[in-house]
Amino acid sequence: MGTTMLGCCSLSWRCNQRMNLLGSIDNGVSRTKACAKVREREDSVSDDGILKRRTALVSGISLISSAVVGFPGEGLAVVKQGLLAGRIPGLSEPDEQGWRTYRRPDGKSGGHGVGWSPIIPYSFSVPQDWEEVPVSIADLGGTEIDLRFANSKQGRLFVIVAPVLRFADNLGDNAKLELIGPPEKVISAFGPEVIGENVEGKVLSMEVAEHSGRTYYQFELEPPHVLITATAAGNRLYLFNVTANGLQWKRHYKDLKKIADSFRVV
């Protein structure tokens with residue numbers, strides 16, 4: 001009996017306060033049983049609360065996991081786009097020939113270091129099964145590689161955006177390619193950026209073209225098989241490079257040349 005009363009008193013002040021809610025005394029139920037009912041109700045409420053908290057916790061973890069893993073869902077693409085720096089989509093829908101146009105998005109980030117002015121957007125066209133691939137600062141060209149695209153069966157391309165200050169310090173913030181130098185000078189200075197070695201004896205052809213008042217130099221090198229389109233805009237030199245192995249070059253040269261010829265700085 002003494003043990004029973006001690007257990008009841010240990011229910012704390014809430015036990016006595018909730019007696020009236022149970023109506024246990026008025027109905028002739030003993031104080032001991034009433035206390036037990038209070039404990040049972042509190043345990044039930046506590047368990048329910050824990051369950052709800054656990055459910056909420058699991059739900060939160062599920063939402064976070066979905067965002068990190070990238071499960072498809074409405075609105076999730078916006079989150080993924082913001083987190084994947086440098087990988088904001090810029091491709092159009094395929095045209096009647098199955099080609100898509102890429103335009104560098106204005107909000108695209110890049111690994112070009114602190115102090116770089118905004119990059120003037122550029123565009124080019126690729127067959128619809130070409131895809132953007134991640135850029136690493138460990139790549140040849142380091143932080144000056146702005147973009148990569150590839151197709152395992154046809155070839156690959158990459159864009160180098162280099163400061164003209166590396167070439168000359170008197171070109172200002174609106175450099176023109178012809179002020180940097182003639183085609184021979186440009187390919188000798190920047191060709192090694194593309195192929196990783198001296199270009200002497202590797203240049204098969206050089207052409208000069210003009211589009212919307214901007215000058216472009218176009219080169220074909222072999223070996224390795226590579227098409228380079230160069231131009232200048234703002235305070236940067238743009239090198240657009242399309243390359244492939246021997247078999248890809250033989251089978252898809254026409255498309256690779258079309259890709260190289262499509263490059264424009266907008």
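Guide: The conversation below goes through strand pairing, salt bridges and aromatic rings in turn. Please keep in mind that this is a predicted model.

Visitor: Let's start with strand β2. Is β2 mostly covered or mostly open, and how many of its residues are buried?

Guide: Strand β2 covers residues 122–127 and is mostly covered, with six of its six residues buried.

Visitor: Which residues point which way from β2?

Guide: Tyr-122, Phe-124 and Val-126 point one way, while Ser-123, Ser-125 and Pro-127 point the other way. Residues on both sides of β2 are buried.

Visitor: What does β2 pair with, and how many bridges are there to strand β1?

Guide: Strand β1, residues 99–103, runs antiparallel to β2, and five bridges join the two. Strand β10, residues 264–265, is also antiparallel to β2 and is joined to it by two bridges.

Visitor: Which residue of β2 is the bridge partner of Arg-103?

Guide: The partner of Arg-103 in β2 is Ser-123. Ser-123 also has a bridge partner in β10, namely Arg-264.

Visitor: New topic: how many salt bridges does the structure hold?

Guide: The structure holds four salt bridges. One of them joins the side chains of Arg-103 and Asp-106, at 3.5 Å from N to O.

Visitor: Are those two buried or exposed?

Guide: Arg-103 is partly exposed, because its relative accessible area is 38%, which lies between the limits of 20% and 50%. Asp-106 has a relative accessible area of 64% and therefore counts as exposed.

Visitor: And Asp-146, what does that form a salt bridge with?

Guide: Asp-146 forms a salt bridge with Arg-104, and their closest N and O atoms are 2.8 Å apart. This pair links distant parts of the chain, since Asp-146 is in strand β4 (residues 145–151) and Arg-104 is in the loop between β1 and β2, 42 residues apart. Both Asp-146 and Arg-104 are buried.

Visitor: Where do Lys-257 and Asp-261 lie?

Guide: Both lie in helix α8, residues 246–261. They are four residues apart, about one turn of the helix. Lys-257 counts as partly exposed because its relative accessibility is 22%, and Asp-261 counts as partly exposed at 31%.

Visitor: Now the rings. How many aromatic pairs are found in the whole structure?

Guide: A search of the whole structure gives nine aromatic pairs. Among them is the tilted pair of Tyr-122 and Phe-263, with 5.7 Å centre to centre and 45 degrees between the planes. Tyr-122 is in strand β2 and Phe-263 is in the loop between α8 and β10, 141 residues apart, so this pair links distant parts of the chain. Tyr-122 counts as buried because its relative accessibility is 0%, and Phe-263 counts as buried at 1%.

Visitor: What about Phe-124 and Phe-149, what kind of pair do they form?

Guide: Phe-124 and Phe-149 form an edge-to-face pair, with 5.5 Å centre to centre and 90 degrees between the planes. Phe-124 is in β2 and Phe-149 is in β4, 25 residues apart. Both residues are buried.

Visitor: Which residues do the ring pairs link into a cluster?

Guide: The cluster links Tyr-102, Tyr-122, Phe-124, Phe-149, Tyr-238, Phe-240 and Phe-263.

Visitor: Last one: which ring does Arg-264 lie over?

Guide: Arg-264 lies over the face of Tyr-216, at 5.8 Å from the ring centre. Arg-148 lies over the face of Phe-158, at 5.2 Å from the ring centre.

Note on methods: Residues are numbered from 1 along each chain as its sequence is written. This is a predicted model: local features need pLDDT of at least 70, side-chain atom pairs count only at pLDDT 80 or more; totals for chains, interfaces and linings use all residues. Side-chain values use heavy atoms; hydrogens and water are left out. Buried means under 20% relative accessible area, exposed over 50%, partly exposed in between (1.4 Å probe, protein chains only). Two strands pair if DSSP finds at least two bridges between them. Rings of Phe, Tyr and Trp (its six-membered ring) pair if their centres lie within 6.5 Å; planes under 30 degrees apart count as stacked, over 60 as edge-to-face and the rest as tilted. A charge sits over a ring if NZ of Lys or CZ of Arg is within 6 Å of the ring centre and within 35 degrees of the ring normal.
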